[in-house]
Amino acid sequence: MKCDKASELISLYIDKELNRQDEQLLMEHLSECDDCRNEYEQLKVMVEELNNIPLVELPNGYHSELILKIENTKVDNAENISYFKPKENNQNNNKKTNWKKYSAIAAALFILVVVGSGLGGNSKRGTKEQSADQKYSESAAPAAEDIDASPRDINVDGAAFDEASGESKEVSTISNKLNLSNSQNNERMKIKRLYAGLEVKDFDEAITKLKEITEANGGYVENYTSYVYNYDDTNGISLKQGDITLRMPKESYEASKNLLNEIGSITDENETTEDVTAEYIDTQGRLNMKLKEEERLLELIDKSNTIEDIIKIESRLGEVRADIESYTTSIQNWDRLVQFSTITLNIVEVTDSKITSIDSDFGSKIQNSFIYSINIMSMLGQNTVIALAGLFIPILIIAFIAFCAVNIKKKKKKDVKKNDK
Amino acid sequence: MENVNTSSLVNQAINGDMSAFEELIIDSEKIVYNIAFRMLADAEDAKDISQEVFIKVYKNLSKFDGKAAFSTWVYRIAVNTCIDEMRKRKGKQNVSIDEELKTNESSLKKQYIDKEPTPEESFMQKETEEEIMSAMEKLSIEHKAVITLRDLDGLSYSEIADITEVSMGTVKSRLARARLQLKNIIVGNKEHIAKGNRQNN
């Protein structure tokens, strides 16, 4: 055996990786060759020393710090890459900014509607709906987990970034979630909304019944207000009226409608059905494309070797993920709106005597005008919401562009910051 | 860890179950940290990079194909991340070739010369470690990696082959060359010091 061959084998011999035959030959050579023998001795000592060096202990708090960082990456990724702020950290800020934007848009539209629809018209007790601050575009009804019967605000930023759909989730998970969504090829996606005015004998009783019916059917109360609107001095009667918005699973929608008759007498009603199937399928298609692109980009990252390439790909990946999130949000919003139909009721407590009395005394006249103006407001509100519903898509687009514009600015700022680093 | 157990944990972790993820990584944390520490030779860096490794593991969970053991996959990500990091820094760092050893009395040198451990040897464990570490700094990135994985972290040849994605044969020859190289650096330092001593006399 020659020395270079021996040299190769020495290392293996130290690790006991040599077969019998090679070991034999090596031993023979080492007994004859001093240089190689020295090399063997030295390497042996060195390897022993290396083996004796103990593993370094993890620094204190390493594990908990790591878990924290991972939790934060879910949040951070959404922040850095997407245009939608995560609900945990930035909800309050977003609420304010969103409110500003949407109030501005809503106010403009409201004025348009007011001018357009004209102030004359019905003084009848119109159906009352939520005013323009119920955002159908960006916000969704709260996620199913949030069901409770108490009145509450609608999250403006109701996008469901629950754990499973957080930014850091991989492609397959998101598409799995989508497959569970409503719109399969056969089913149309229809958003049902009912506005009705209900006259009841006992306001509180009616509300309680409604809540019961709602919950029994798997729905929830989304919003609820009430107030005393007529205090009749002579009789000592105070009458209440109020609004309640219910979300009912679409399966129980028809049944609940019929139950309304048992609670009071329907003075008027208005039902709308919005078919969003086309937009839904369209958005799903776009989402799938983006998901595929995401997959490809991830594969590319795996294969790429240089940091520059990786950075470029990651940047494009960020954009793609932003789109994925926005499409996912839209789809989830639609899912919820379709899944839970909206029933908005204006409930008025009446006694046998008519409220709008023929009495011509001054007090009643004031009451009448007051009621009149409330009705006008409610009618205007109704028109606004109808107009908003009709302009749902354009609003979505405007809002989305606004978001992008704001966040491109922010992104630029962040890029500048990064570059400065 | 059984394969079945691992893949169910992975699925749970993908769905956001943090405790499943913790269970997956808890056994590899120390080794990953050690890989980073030995490769990057700095505790702060080691912590940052090793945690980055686990974040990468978390983000790429769905890419784990279950063919190799989970730990092997994790170590692979760790080694690659460290190598990338070291390449990034290579341009910036100044490696001093003439770096003198910290101690004049090298326990390793003694062993090479005397081959007899003296009582001092056991106290000099830390110094030996320092000598070896500073000698390792002069190795190429690949040699450093393979010595770290084999001699410092005690991984088997086949594991190293999986982790570094080369053949067993390559691992064997690479390790042999790395060890030889390291030994020469250490012995060379000894000669350098001996020279210095002679000059001082």
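Please keep in mind throughout that the model is predicted.

Among contacts in chain A with a separation of 6 or more, 81% are between residues 24 or more positions apart. The accessible surface of chain A is about 22,200 Å², and carbon and sulfur atoms account for 53% of that area.

Chain B has 11 helices and zero strands. Its pattern along the sequence accordingly reads α-α-α-α-α-α-α-α-α-α-α. Chain B has 201 residues, and 50% of them count as buried. For contacts in chain B with a separation of 6 or more, the share from residues 24 or more positions apart is 64%. Chain B exposes about 9,900 Å², with 47% supplied by carbon and sulfur atoms.

I turn next to the salt bridges. Side chains of opposite charge can pair when their charged atoms come close. Over all chains, the count of salt bridges comes to 26. I shall discuss three of them in detail.

Which side chain meets that of Arg179(B) in a salt bridge? The partner is Asp15(A), at an N to O distance of 3.0 Å. This pair crosses between chains: Arg179(B) belongs to helix α11 of chain B, residues 168–200, whereas Asp15(A) sits in the loop between α1 (3–14) and α2 (20–32) of chain A. Both Arg179(B) and Asp15(A) are buried.

The second pair lies in chain A, where the side chains of Asp323(A) and Lys290(A) form a salt bridge at 3.1 Å, N to O. This pair links distant parts of the chain, 33 residues apart, with Asp323(A) in helix α10 (residues 307–339) and Lys290(A) in helix α9 (residues 277–303). Lys290(A) counts as buried because its relative accessible area is 16%, with the cut-off for that class being under 20%.

Is Glu293(A) buried or exposed? At a relative accessible area of 17%, Glu293(A) is buried. For Arg316(A) the value is 29%, so this residue is partly exposed.

Salt bridges that share partners also join residues into a network, one made up of Asp15(A), Arg150(B), Asp151(B) and Arg179(B).

I move on to Leu40(B), located in helix α3 (residues 29–40) of chain B. With a relative accessible area of 9%, this leucine is buried. Which residues does Leu40(B) contact, once its neighbours within four places in sequence are left aside? They are Asp45(B), Ile49(B), Cys82(B), Glu85(B), Met86(B) and Arg89(B). As a further point of reference, Leu40(B) and Lys144(B) are 104 residues apart in sequence, and their C-alpha atoms are 10.0 Å apart in space.

Finally, I come to charge on the surface. Chain A has a patch of positive charge in which Lys409(A), Lys410(A), Lys413(A) and Lys414(A) gather. One of these, Lys409(A), is found in helix α12 of chain A, residues 392–420. Its relative accessible area is 62%, which means that Lys409(A) is exposed.

In chain B, a patch of negative charge on the surface brings together Asp42(B), Glu44(B), Asp48(B) and Glu52(B). Within this group, Glu52(B) is part of helix α4 (residues 43–59) of chain B. Glu52(B) is classed as partly exposed because its relative accessibility is 37%.

Note on methods. Residues are numbered from 1 along each chain as its sequence is written. Chains are lettered from A and ligands numbered from 1 in the order in which they are written. This is a predicted model: local features need pLDDT of at least 70, side-chain atom pairs count only at pLDDT 80 or more; totals for chains, interfaces and linings use all residues. Side-chain values use heavy atoms; hydrogens and water are left out. Patches are made of residues with over 30% relative accessible area and no salt bridge: like charges are joined within 9 Å, nonpolar side chains (Val, Leu, Ile, Met, Phe, Trp, Tyr) within 5 Å. Accessible areas come from the Shrake-Rupley method with a 1.4 Å probe; for residues, only the protein chains shown count as cover. A salt bridge is a side-chain nitrogen of Lys or Arg within 4 Å of a carboxyl oxygen of Asp or Glu. Lys and Arg count as positive and Asp and Glu as negative; His and the chain ends are not counted. The place of a charge is taken as NZ of Lys, CZ of Arg, CG of Asp or CD of Glu. Helices (H or I, at least four residues) and strands (E, at least two) are DSSP runs, numbered from the N terminus. Buried means under 20% relative accessible area, exposed over 50%, partly exposed in between (1.4 Å probe, protein chains only). Contact means heavy atoms within 4.5 Å.
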